[in-house]
Amino acid sequence: MTDPALALTDVTFAWPGQDGFSLSCPNFRMAVGESVLLLGASGSGKSTLLSLVCGIATATSGRVSIGATDIGTLGAGARDRFRAEQIGVIFQQFNLLPYARVLDNILLPLRFAPKRKARIGAPAQEAARLCAALGLPDGVLTKQAGRLSVGQQQRVAVARALIGAPPLIVADEPTSALDAATQDSFLRLLFEQAEQARSSLLMVSHDERLGQRFDRVIRLEEIVTTRRAAA
Ligand SMILES: Nc1ncnc2c1ncn2[C@@H]1O[C@H](COP(=O)(O)OP(=O)(O)OP(=O)(O)O)[C@@H](O)[C@H]1O
(Lines give C-alpha, C1' and ligand atoms only; values in the text may rest on other atoms or scores of the structure.)
Protein backbone atom coordinates (compact mmCIF):
# COMPACT_ATOMS: atom_id res chain seq x y z
CA MET A 1 0.00 0.00 0.00
CA THR A 2 1.28 3.49 -0.84
CA ASP A 3 1.88 5.79 2.12
CA PRO A 4 -0.19 8.98 2.08
CA ALA A 5 1.69 12.14 1.09
CA LEU A 6 0.84 13.53 4.53
CA ALA A 7 -0.76 12.01 7.62
CA LEU A 8 -1.49 13.61 10.98
CA THR A 9 -2.61 11.12 13.62
CA ASP A 10 -3.74 12.08 17.15
CA VAL A 11 -1.64 15.24 17.01
CA THR A 12 -1.71 17.73 19.89
CA PHE A 13 0.29 20.93 20.14
CA ALA A 14 0.40 24.02 22.42
CA TRP A 15 2.35 27.23 21.97
CA PRO A 16 4.19 28.09 25.21
CA GLY A 17 3.02 31.07 27.26
CA GLN A 18 0.19 32.07 29.54
CA ASP A 19 -2.44 32.64 26.87
CA GLY A 20 -1.19 29.56 25.06
CA PHE A 21 -3.05 28.57 21.92
CA SER A 22 -3.39 24.81 21.56
CA LEU A 23 -4.81 22.51 18.93
CA SER A 24 -5.52 18.87 18.37
CA CYS A 25 -5.87 17.08 15.04
CA PRO A 26 -7.04 13.47 15.42
CA ASN A 27 -6.80 12.48 11.76
CA PHE A 28 -5.92 14.26 8.54
CA ARG A 29 -4.58 12.57 5.43
CA MET A 30 -3.61 13.68 1.94
CA ALA A 31 -3.09 11.25 -0.92
CA VAL A 32 -0.10 11.44 -3.25
CA GLY A 33 -0.77 14.06 -5.92
CA GLU A 34 -3.83 15.46 -4.13
CA SER A 35 -4.51 19.20 -3.74
CA VAL A 36 -6.24 20.43 -0.58
CA LEU A 37 -7.32 23.93 0.42
CA LEU A 38 -7.71 24.45 4.19
CA LEU A 39 -9.97 27.39 5.00
CA GLY A 40 -9.97 29.20 8.32
CA ALA A 41 -10.44 32.69 9.76
CA SER A 42 -7.48 34.81 10.79
CA GLY A 43 -5.97 33.49 14.03
CA SER A 44 -7.74 30.13 13.74
CA GLY A 45 -4.47 28.17 13.69
CA LYS A 46 -3.76 27.60 9.98
CA SER A 47 -0.12 28.68 10.13
CA THR A 48 0.35 26.67 13.33
CA LEU A 49 -0.89 23.56 11.56
CA LEU A 50 1.45 24.20 8.61
CA SER A 51 4.37 24.66 11.03
CA LEU A 52 3.59 21.18 12.40
CA VAL A 53 3.35 19.73 8.88
CA CYS A 54 6.73 21.24 7.96
CA GLY A 55 8.39 20.21 11.23
CA ILE A 56 9.10 23.85 12.12
CA ALA A 57 7.05 23.20 15.28
CA THR A 58 6.96 19.71 16.78
CA ALA A 59 3.83 18.00 18.05
CA THR A 60 3.45 17.47 21.79
CA SER A 61 1.95 14.06 21.07
CA GLY A 62 0.80 12.05 18.07
CA ARG A 63 2.41 11.57 14.67
CA VAL A 64 3.06 13.79 11.65
CA SER A 65 4.21 11.65 8.73
CA ILE A 66 5.39 12.74 5.30
CA GLY A 67 5.37 9.66 3.11
CA ALA A 68 6.82 6.84 5.22
CA THR A 69 8.66 9.14 7.66
CA ASP A 70 7.32 10.12 11.09
CA ILE A 71 9.04 13.50 11.39
CA GLY A 72 8.71 13.46 15.20
CA THR A 73 11.36 10.72 15.28
CA LEU A 74 13.95 13.02 13.65
CA GLY A 75 16.30 15.30 15.59
CA ALA A 76 16.30 19.03 14.79
CA GLY A 77 19.07 18.87 12.17
CA ALA A 78 17.67 15.79 10.47
CA ARG A 79 14.21 17.41 10.41
CA ASP A 80 15.60 20.52 8.69
CA ARG A 81 17.33 18.37 6.08
CA PHE A 82 14.20 16.27 5.62
CA ARG A 83 12.11 19.43 5.09
CA ALA A 84 14.57 20.74 2.50
CA GLU A 85 14.46 17.40 0.64
CA GLN A 86 10.74 16.68 0.81
CA ILE A 87 8.76 19.91 1.18
CA GLY A 88 8.51 23.04 -0.94
CA VAL A 89 7.30 25.83 1.33
CA ILE A 90 5.67 29.06 0.12
CA PHE A 91 5.47 31.44 3.07
CA GLN A 92 2.91 34.20 3.54
CA GLN A 93 5.65 36.87 3.25
CA PHE A 94 7.63 34.85 0.62
CA ASN A 95 10.83 34.97 2.78
CA LEU A 96 13.05 35.76 -0.21
CA LEU A 97 16.57 37.06 0.39
CA PRO A 98 16.03 40.61 -0.96
CA TYR A 99 19.67 41.38 -1.81
CA ALA A 100 20.37 38.03 -3.45
CA ARG A 101 19.76 37.34 -7.13
CA VAL A 102 16.55 35.61 -8.12
CA LEU A 103 18.61 32.61 -9.27
CA ASP A 104 20.28 32.24 -5.87
CA ASN A 105 16.91 32.50 -4.12
CA ILE A 106 15.43 29.75 -6.28
CA LEU A 107 18.42 27.44 -5.84
CA LEU A 108 18.64 27.98 -2.07
CA PRO A 109 16.70 24.86 -0.94
CA LEU A 110 18.96 22.65 -3.08
CA ARG A 111 21.95 23.67 -1.00
CA PHE A 112 20.59 21.67 1.93
CA ALA A 113 19.01 18.89 -0.14
CA PRO A 114 21.45 16.79 -2.18
CA LYS A 115 18.80 14.25 -3.26
CA ARG A 116 16.45 16.98 -4.42
CA LYS A 117 19.36 18.57 -6.30
CA ALA A 118 20.25 15.21 -7.87
CA ARG A 119 16.76 15.00 -9.38
CA ILE A 120 17.63 17.92 -11.66
CA GLY A 121 20.32 17.79 -14.30
CA ALA A 122 21.20 21.46 -14.58
CA PRO A 123 19.83 23.58 -11.69
CA ALA A 124 20.24 26.98 -13.41
CA GLN A 125 18.41 25.72 -16.51
CA GLU A 126 15.61 24.29 -14.38
CA ALA A 127 15.32 27.64 -12.55
CA ALA A 128 15.06 29.37 -15.95
CA ARG A 129 12.40 26.87 -17.11
CA LEU A 130 10.32 27.45 -13.96
CA CYS A 131 10.60 31.24 -14.26
CA ALA A 132 9.44 31.11 -17.88
CA ALA A 133 6.59 28.70 -17.02
CA LEU A 134 5.51 31.03 -14.20
CA GLY A 135 5.41 34.01 -16.55
CA LEU A 136 8.47 35.85 -15.22
CA PRO A 137 10.30 38.02 -17.76
CA ASP A 138 13.56 37.08 -19.50
CA GLY A 139 16.60 38.19 -17.56
CA VAL A 140 14.84 37.96 -14.19
CA LEU A 141 17.32 35.40 -12.81
CA THR A 142 20.10 37.96 -12.46
CA LYS A 143 17.89 40.65 -10.85
CA GLN A 144 17.91 41.31 -7.10
CA ALA A 145 14.81 39.66 -5.64
CA GLY A 146 13.91 42.72 -3.54
CA ARG A 147 13.61 44.87 -6.68
CA LEU A 148 10.80 42.83 -8.22
CA SER A 149 7.10 43.63 -7.94
CA VAL A 150 5.10 41.80 -5.26
CA GLY A 151 3.48 39.54 -7.87
CA GLN A 152 6.87 38.68 -9.36
CA GLN A 153 8.31 37.94 -5.92
CA GLN A 154 5.38 35.62 -5.30
CA ARG A 155 6.25 33.71 -8.50
CA VAL A 156 9.90 33.49 -7.48
CA ALA A 157 8.76 32.03 -4.13
CA VAL A 158 6.77 29.41 -6.08
CA ALA A 159 9.75 28.56 -8.30
CA ARG A 160 11.85 28.10 -5.15
CA ALA A 161 9.22 25.77 -3.67
CA LEU A 162 8.89 23.74 -6.89
CA ILE A 163 12.52 23.31 -7.86
CA GLY A 164 13.63 19.69 -7.63
CA ALA A 165 10.01 18.47 -7.53
CA PRO A 166 9.53 17.92 -3.76
CA PRO A 167 6.69 15.46 -3.05
CA LEU A 168 4.77 18.00 -0.92
CA ILE A 169 4.17 21.71 -1.56
CA VAL A 170 2.87 23.71 1.40
CA ALA A 171 1.58 27.25 0.82
CA ASP A 172 0.49 29.76 3.48
CA GLU A 173 -1.92 32.34 1.99
CA PRO A 174 0.29 32.82 -1.08
CA THR A 175 -2.24 34.94 -2.97
CA SER A 176 -3.13 37.40 -0.21
CA ALA A 177 -1.31 40.33 -1.83
CA LEU A 178 -2.75 39.81 -5.34
CA ASP A 179 -5.88 41.16 -7.02
CA ALA A 180 -8.51 38.65 -8.21
CA ALA A 181 -7.30 38.39 -11.85
CA THR A 182 -3.65 37.95 -10.84
CA GLN A 183 -4.66 35.40 -8.17
CA ASP A 184 -6.31 33.30 -10.81
CA SER A 185 -3.35 33.20 -13.19
CA PHE A 186 -1.00 32.65 -10.25
CA LEU A 187 -3.01 29.61 -9.08
CA ARG A 188 -3.25 28.20 -12.61
CA LEU A 189 0.54 28.33 -12.99
CA LEU A 190 1.12 26.88 -9.53
CA PHE A 191 -1.24 23.97 -10.26
CA GLU A 192 0.28 23.29 -13.69
CA GLN A 193 3.77 23.09 -12.26
CA ALA A 194 2.75 21.06 -9.19
CA GLU A 195 0.94 18.57 -11.45
CA GLN A 196 3.94 18.30 -13.74
CA ALA A 197 6.15 17.54 -10.73
CA ARG A 198 3.44 15.19 -9.29
CA SER A 199 3.64 17.11 -6.02
CA SER A 200 0.80 17.11 -3.50
CA LEU A 201 -0.36 20.62 -2.65
CA LEU A 202 -1.61 21.84 0.74
CA MET A 203 -2.65 25.49 0.82
CA VAL A 204 -4.21 27.45 3.69
CA SER A 205 -6.27 30.58 3.21
CA HIS A 206 -9.21 32.54 4.58
CA ASP A 207 -10.42 33.14 1.00
CA GLU A 208 -13.26 30.80 -0.01
CA ARG A 209 -13.07 31.91 -3.67
CA LEU A 210 -9.83 29.99 -4.19
CA GLY A 211 -11.56 26.62 -3.74
CA GLN A 212 -12.52 25.70 -7.31
CA ARG A 213 -9.20 24.30 -8.47
CA PHE A 214 -8.59 22.00 -5.49
CA ASP A 215 -9.46 18.31 -5.19
CA ARG A 216 -10.76 18.99 -1.65
CA VAL A 217 -11.72 22.08 0.31
CA ILE A 218 -11.80 21.62 4.08
CA ARG A 219 -12.60 24.00 6.91
CA LEU A 220 -9.96 23.93 9.60
CA GLU A 221 -12.56 23.19 12.28
CA GLU A 222 -13.48 19.95 10.46
CA ILE A 223 -10.07 18.47 11.24
CA VAL A 224 -8.77 20.55 14.15
CA THR A 225 -10.07 21.51 17.61
CA THR A 226 -8.47 24.64 19.11
CA ARG A 227 -8.30 26.16 22.59
CA ARG A 228 -6.91 29.29 24.16
CA ALA A 229 -5.75 28.89 27.77
CA ALA A 230 -6.87 32.36 28.94
CA ALA A 231 -10.05 34.20 27.89
N1 LIG B 1 5.24 31.67 17.57
C2 LIG B 1 4.15 31.69 18.36
N3 LIG B 1 4.27 31.73 19.71
C4 LIG B 1 3.19 31.75 20.53
N5 LIG B 1 1.91 31.73 20.06
C6 LIG B 1 1.74 31.71 18.72
C7 LIG B 1 2.83 31.69 17.81
N8 LIG B 1 2.34 31.66 16.53
C9 LIG B 1 1.00 31.66 16.66
N10 LIG B 1 0.64 31.69 17.97
C11 LIG B 1 -0.73 31.65 18.51
O12 LIG B 1 -1.49 30.77 17.71
C13 LIG B 1 -2.75 31.40 17.36
C14 LIG B 1 -3.08 30.96 15.93
O15 LIG B 1 -2.20 31.63 15.05
P16 LIG B 1 -1.94 31.17 13.53
O17 LIG B 1 -0.88 32.10 13.00
O18 LIG B 1 -1.68 29.72 13.49
O19 LIG B 1 -3.36 31.48 12.88
P20 LIG B 1 -3.73 31.72 11.34
O21 LIG B 1 -5.06 31.08 11.15
O22 LIG B 1 -2.61 31.27 10.48
O23 LIG B 1 -3.84 33.29 11.29
P24 LIG B 1 -3.61 34.30 10.04
O25 LIG B 1 -4.62 33.91 8.97
O26 LIG B 1 -3.88 35.65 10.64
O27 LIG B 1 -2.19 34.13 9.59
C28 LIG B 1 -2.50 32.90 17.49
O29 LIG B 1 -3.63 33.56 17.95
C30 LIG B 1 -1.41 33.00 18.51
O31 LIG B 1 -2.01 33.17 19.79
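Predicted model: local features only at pLDDT ≥ 70, side-chain atom pairs only at ≥ 80, totals over all residues.
Q: If a residue is near a molecule when its C-beta atom, placed from the backbone, lies within 6 Å of it, which residues surround the ligand?
A: The shell consists of Trp15, Gly17, Phe21, Gly40, Ser42, Gly43, Ser44, Gly45, Lys46, Ser47, Thr48 and His206.

Q: Where does the largest share of that shell come from?
A: From helix α1, residues 46-54, which supplies three residues. Helices (H or I, at least four residues) and strands (E, at least two) are DSSP runs, numbered from the N terminus.

Q: OK, the whole protein then. How many helices and strands are there?
A: The protein has eight helices and 10 strands.

Q: And what box do the C-alpha atoms fill?
A: Along the principal axes, the box is roughly 50 × 35 × 35 Å.

Q: What share of the residues is buried?
A: Of the 231 residues, 38% count as buried. Buried means 20 or more other C-beta atoms within 10 Å, exposed means 12 or fewer, and partly exposed is in between.

Q: Which residues of helix α2 are buried?
A: In α2, residues 76-86, the buried ones are Arg83, Ala84, Glu85 and Gln86.

Q: What do they pack against?
A: The buried residues of α2 pack against helices α1, α3 and α4 (114-118), and also against strands β4 (61-66), β6 (87-90) and β7 (168-172).

Q: Switching to Glu195. Buried or exposed?
A: Glu195 is exposed, because it has 12 other C-beta atoms within 10 Å. Glu195 sits in helix α7, residues 180-196.

Q: How far is Glu195 from Gly33?
A: Their C-alpha atoms are separated by 7.3 Å, while along the chain the two are 162 residues apart.

Q: What share of the contacts joins residues 24 or more positions apart?
A: Of the contacts in the protein with a separation of 6 or more, such pairs account for 77%. A contact is a pair of C-beta atoms within 7 Å.

Q: Now α3 and α6. At what angle do they cross?
A: Roughly 35°, and the axes of α3 (residues 102-111) and α6 (residues 150-162) come within 7 Å. Axes are lines fitted to C-alpha atoms over the stretch in contact, with angles from 0 to 180 degrees between N-to-C directions.

Q: Which residues make that contact?
A: Val102, Asn105, Ile106, Leu108 and Pro109 on the α3 side, and Val156, Ala159 and Arg160 on the α6 side.

Key
Residues numbered from 1 in each chain as written. Contact = placed C-beta atoms within 7 Å. Near = placed C-beta within 6 Å.
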